[in-house]
Amino acid sequence: MMISIIAFAVLAAYLGIIAWRFGLPEMVSDTFYQLKGWRKDAGVVFSLVMMCSALAMLPVMLEAGGAQPLAFLGCVGLMIVGVAPNYCDKDTYPVHKGAAMVAAIGCVGWAMSVNWWPTVLVASMYATYVAVAEAYKILDNVWYMSRGKTYFHKLYWAEVAGFADVWLTLWTK
């Protein structure tokens, strides 16, 4: 349990610091480019955070039970995302995207196999967020409330919801 708290703290601190320093990215993987634009070799921090989070979560997820192959696939997918962070490169893009999809399916599938209600809770919260964002866009087109471009970062929050689902599942088991 302590390992999952440390992994959560590391990832939450990383995402919080990046959002504070550079603003919210469109996706979690964009933080690699935000760091790389700040300092040439700082993108390695993204890789370290993704790999350490996955390595710290794997034994905890396997110990919790559920569909253990999905836990393994989810963590390995996240490690591959950390190994291949440069998704704008045409050679790395399929590896990064495939690993991200495997990580998402594996982790959410594992969470559903252990305890389904945290996944339903997180998914319904995310669906509510998307519905409000879309309603705002429609109203903005009618009344021009934002006076400019508005970003809702739906992919970013979907990825954060996936991480939250895993930790909520572990902590409520």
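Tyr 126 is partly exposed, with a relative accessible area of 23%. Here buried means under 20% relative accessible area, exposed means over 50%, and partly exposed is in between (1.4 Å probe, protein chains only). Tyr 129 falls in the partly exposed class too, at 27%. Before we go on, please note that this is a predicted model: local features need pLDDT of at least 70, side-chain atom pairs count only at pLDDT 80 or more, and totals for chains, interfaces and linings use all residues. Residues are numbered from 1 along each chain as its sequence is written, and side-chain values use heavy atoms, with hydrogens and water left out.

Both tyrosines, Tyr 126 and Tyr 129, lie in helix α6 (residues 116-143), three residues apart, about one turn of the helix. Helices are DSSP runs (H or I, at least four residues), numbered from the N terminus. An α-helix has 3.6 residues a turn, so residues three or four places apart point the same way.

Now for the rings. Rings of Phe, Tyr and Trp (its six-membered ring) pair if their centres lie within 6.5 Å; planes under 30 degrees apart count as stacked, over 60 as edge-to-face and the rest as tilted. How many aromatic pairs does a search of the whole structure find? It finds 10. Two of them are set out here.

| Pair | Centre to centre | Angle between planes | Type |
|---|---|---|---|
| Phe 8 and Trp 171 | 5.1 Å | 80° | edge-to-face |
| Tyr 126 and Tyr 129 | 6.3 Å | 35° | tilted |

Phe 8 is partly exposed at 34% relative accessibility, and Trp 171 is partly exposed at 32%. Together with Phe 163 and Trp 167, these two residues form one aromatic cluster.

Let's turn to helix α4 (residues 68-83). With 16 residues, α4 reaches 23 Å from its first C-alpha to its last, close to the 22 Å expected at 1.5 Å a residue (1.5 Å times one less than the number of residues). Its buried residues include Ala 71, Leu 78 and Val 81, and what covers the buried residues of α4 includes α3 (44-64), α5 and α7.

His 96 is found in helix α5 (residues 93-114). Is His 96 buried or exposed? At 6% relative accessibility, His 96 counts as buried. Leaving aside neighbours within four places in sequence, His 96 is in contact (heavy atoms within 4.5 Å) with Ser 29, Val 81, Ala 84, Pro 85 and Tyr 87.

Notes:
Helix = DSSP H or I, 4+ residues; strand = E, 2+ residues; numbered from the N terminus.
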